[in-house]
Amino acid sequence: MKLTGLQIELWLVGCLFQIFLFKHTIILSFKLLAAMVVTNIDEGILLGVGNPLLDLETTVDQDFLKKYKLKSNDAILADESHEALFHELESMKDIAYIPGGSCQNSLRVCQWIVGKEKVCTFFGTIGDDKNGETLKEKAILAGVNVNYQINPTVRTGRCAALINDTHRSLVADLGAANTFTINHLEEDGNVSLINKAKYFYISGFFLTVCPSAIQKIAGHVADNKKVLCMNLSAPFICQFFKDDLNAALPYVDVLFGNETEALAYAEGNDYGTEDLKEIAIKLSQHTKVNGERKRVVIITQGHEPVIVCNEGKITEHSVDLLSKEKIVDTNGAGDAFVGGYLSQLIQGKDIEECIKCGNFAASTIIQHHGCSFPRECTYKGIDSKPIHSNVNNQNQTYNTVIDDKNGPTYEDPDTLYDKRGTRKISDIPPPLPPTANIESLQRLKQSMLKESPFDPLHLLKKSSLNKKIYILLIIVFVMSIALAITLTSIVIKLKYQQEINEKGILIKDKEIKSEAVFSNFKKITPEDRDSNDTTRYEVLINGSQLLTYLTSRQKVCIFEVSSDRVDESKNDFRREHIESAKLLYYGNLSHVGVPVHPLQFQRYIRNLGVDNDCYVILYDKGEVIWSTYAYWIFKLYGHEKVSILDGGMIEWKRLQLKSNKYHTESGISTFLYKMGNFKSKWNPKYILTFDDILSNFDNKEFDIVDAQSSQEFNGMEESELILGHIRTSKNIPIEEAYDWSGDKWKSAAQLDEVFKKEGLIPSRGIAVYCSNSLRASLIWVALQKMNYNASIYFGSWPEWLIRAPDYLKVIPVNRLQQ
């Protein structure tokens with residue numbers, strides 16, 4: 001039976017309808033499951049103990065702070081000298097009364113994110129007064145189950161929150177909060193709440209009130225293998241209450257603190273270091289009662305990355321930066337971070353997700369006055385990738401780019417970029433995106449399954465109404481799959497019959513299409529490469545030209561390229577750099593000599609504000625190879641509008657001695673910019689692969705230049721590595737192209753003499769290599785400067801040594817024997 005085209009189309013329409021139904025059934029199912037996850041969070045799962053305070057918030061100037069001997073970002077306890085401060089605040093017209101207290105703030109934020117009432121329980125003491133009633137009302141509205149201890153003889157605690165620019169100073173008058181007694185924990189109703197909780201959070205400020213209550217809760221946590229979280233809270237806690245703090249620390253599973261608090265603790269406990277990572281490790285190694293669970297230490301640094309020590313390993317997690325105009329009040333940022341972290345911790349999420357949510361909460365809070373937030377929470381649990389402490393990212397797996405040689409243009413979804421306009425950044429590079437290879441996708445799939453397990457039996461434990469909905473969804477889901485499979489099998493069978501009836505025409509079409517696909521990967525000839533050339537920009541520009549570009553306000557992006565010695569480069573940059581320059585990290589351009597994927601480069605460069613029409617100027621601190629390598633990378637990924645500053649920073653300093661127009665600056669660069677629109681495009685004329693070099697021994701299309709030293713080239717240098725060179729290659733060490741004694745490139749006449757001596761011809765192709773592409777990039781730049789047609793073999797000698805046949809390698813016999 002032969003089917004008509006109309007019959008097949010009808011079957012296909014039916015199949016597509018089933019796929020449509022199947023898709024939307026899945027979407028609805030996952031939405032309901034997501035809602036179910038929220039409702040599954042147990043009431044009272046998190047219990048906090050702290051000092052409930054009412055914040056008196058207002059904006060003040062520096063004179064006001066000096067009047068009461070306060071500092072920016074101070075956090076102190078009030079004494080008699082501050083009574084006048086509170087009287088003055090209460091007389092102000094623009095004063096704002098906001099519920100506060102570190103622990104209570106964190107629980108309010110946690111409730112806001114979770115979206116289910118009474119997940120959090122709070123213990124603390126208030127007075128029997130109007131301020132106490134206000135605190136209780138606000139906490140209940142936030143969904144917190146407050147069980148206050150009432151002290152009718154003392155007024156409710158208060159805290160002066162003084163905002164100056166984006167900084168805040170806190171002066172806490174604990175009042176009734178300072179009278180909390182351990183008896184409150186022993187009341188019957190509260191005992192049941194303690195037994196019900198699985199997670200506990202205690203602010204370090206509470207150490208000044210009732211250390212015995214902390215010890216009682218800590219003992220309960222240890223005996224029942226629950227989780228205790230604690231905050232260092234303020235430097236004075238670490239300095240003056242360190243004995244009580246150290247008594248509680250062995251019970252702590254998750255420890256929070258900011259950089260100043262961590263440094264204060266390290267100083268008070270004779271750690272002998274100011275390195276925050278070392279401090280985090282030492283805090284994690286502090287004596288622990290419950291040895292089954294390793295202590296996690298989290299140190300926040302404002303807009304700098306969050307430092308996390310987990311199981312003795314350090315990771316850093318980037319912070320989404322806001323423009324200065326969006327920052328309203330930093331008061332409560334630390335409390336909000338803790339609340340965001342806890343909201344995910346109690347749901348069993350991993351550390352990356354907890355940190356991500358903590359950063360989201362802090363970023364939201366500082367855009368409002370006090371610890372307040374919008375009515376609805378927009379956090380969606382977007383995956384976060386940590387920046388490992390190895391800034392070069394050498395432990396990550398990257399895609400190489402050799403599979404993309406047909407020259408596509410790379411573009412990302414808009415969702416990967418920040419659409420909030422301008423923002424402030426520092427010289428910390430943005431994290432590289434995860435590599436989109438099969439292994440990473442499998443890891444993503446496993447993590448998703450781990451974080452969102454689907455337990456059919458658990459559904460039957462829900463209420464009757466929910467149970468019916470879930471069973472109905474499962475039935476619809478199964479029926480949709482069955483119907484879709486049935487229709488698909490019928491269509492496939494009919495289509496197969498049609499192929500037979502039409503005598504294999506479809507198979508011939510497939511063969512034709514395959515030939516068309518393979519034709520796209522034809523060999524690229526030098527003529528093809530020349531046809532892709534665009535407007536040529538000078539390879540080198542001098543300091544005077546750069547000064548002209550800067551003073552005429554042309555669209556210039558200046559980058560100081562780091563070496564592979566990251567900390568040294570960062571310190572050098574902070575010590576001094578050309579005005580308006582940004583630090584470009586070598587580790588974000590290359591992975592062990594192999595260029596990063598075009599999308600990774602595109603995302604990194606966009607985050608640095610580079611547009612397609614931006615004129616990029618590169619320099620380094622004198623080694624030259626770092627700026628030449630970066631120059632090659634920019635050209636390789638389609639940005640032709642790029643030059644190198646001749647002489648780099650050394651030449652700029654020389655000019656500075658002659659004229660005060662050549663400005664430099666120091667410190668961490670902070671500047672406003674918009675996300676760039678740079679788009680990567682693979683430029684094959686600047687790169688060669690192993691197969692290109694191997695086939696050249698038959699085709700003789702180009703000459704090969706080795707940029708290693710003569711000792712490496714001849715295999716005579718003492719080394720554990722096997723040294724040598726590619727057969728037929730010509731040796732041009734980098735010293736023949738650049739004069740380091742004078743910090744300048746060899747003249748055109750000198751370079752011309754060097755290249756002609758080796759028999760190189762401008763019109764003939766040249767492949768340059770070394771041991772890792774760095775020195776090759778310097779020789780390649782020199783060839784570009786002299787208008788030679790050169791490319792870099794990025795696999796270099798290590799790849800050739802491993803893959804090439806022995807007769808195409810030149811290695812001394814004694815090295816081979818070794």
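**Notebook: cysteines and one glutamine**

I began with cysteine 120 in this predicted model, and I noted that cysteine 120 is buried, with a relative accessible area of 0%. I then asked which cysteine sulfur is nearest to that of cysteine 120. I found that the nearest one belongs to cysteine 110, at 3.7 Å, and that cysteine 120 is in no disulfide; a disulfide is a pair of cysteine sulfur atoms within 2.5 Å.

I looked up cysteine 354 next, and it is also in no disulfide, since the nearest cysteine sulfur, that of cysteine 357, is 8.0 Å away. Cysteine 354 is buried as well, its relative accessible area being 1%.

How many disulfides does the structure hold? I counted one, and it is formed by cysteine 557 and cysteine 614, whose sulfur atoms are 2.2 Å apart. I wrote down that cysteine 557 lies in strand β18 (residues 556-561), while cysteine 614 lies in the loop between α21 (598-607) and β23 (615-619), so the pair ties together parts that are 57 residues apart in sequence. The torsion about their S-S bond is about 125 degrees, and therefore I recorded the disulfide as right-handed. Both cysteine 557 and cysteine 614 are buried.

My last entry concerns glutamine 301, which I located in strand β12 (residues 296-301). Is glutamine 301 buried or exposed? I noted a relative accessible area of 16%, so glutamine 301 is buried. Its side chain reaches the backbone oxygen of proline 305 at 2.7 Å, and, leaving aside neighbours within four places in sequence, glutamine 301 is in contact with Glu259, Leu276 and Ile307.

How values were computed
Residues are numbered from 1 along each chain as its sequence is written. This is a predicted model: local features need pLDDT of at least 70, side-chain atom pairs count only at pLDDT 80 or more; totals for chains, interfaces and linings use all residues. Side-chain values use heavy atoms; hydrogens and water are left out. Helices (H or I, at least four residues) and strands (E, at least two) are DSSP runs, numbered from the N terminus. Buried means under 20% relative accessible area, exposed over 50%, partly exposed in between (1.4 Å probe, protein chains only). A polar contact is a pair of N or O atoms within 3.5 Å; within protein, one must be able to donate a hydrogen and the other to accept it, and residues adjacent in sequence count only if both atoms are side-chain atoms. Contact means heavy atoms within 4.5 Å.
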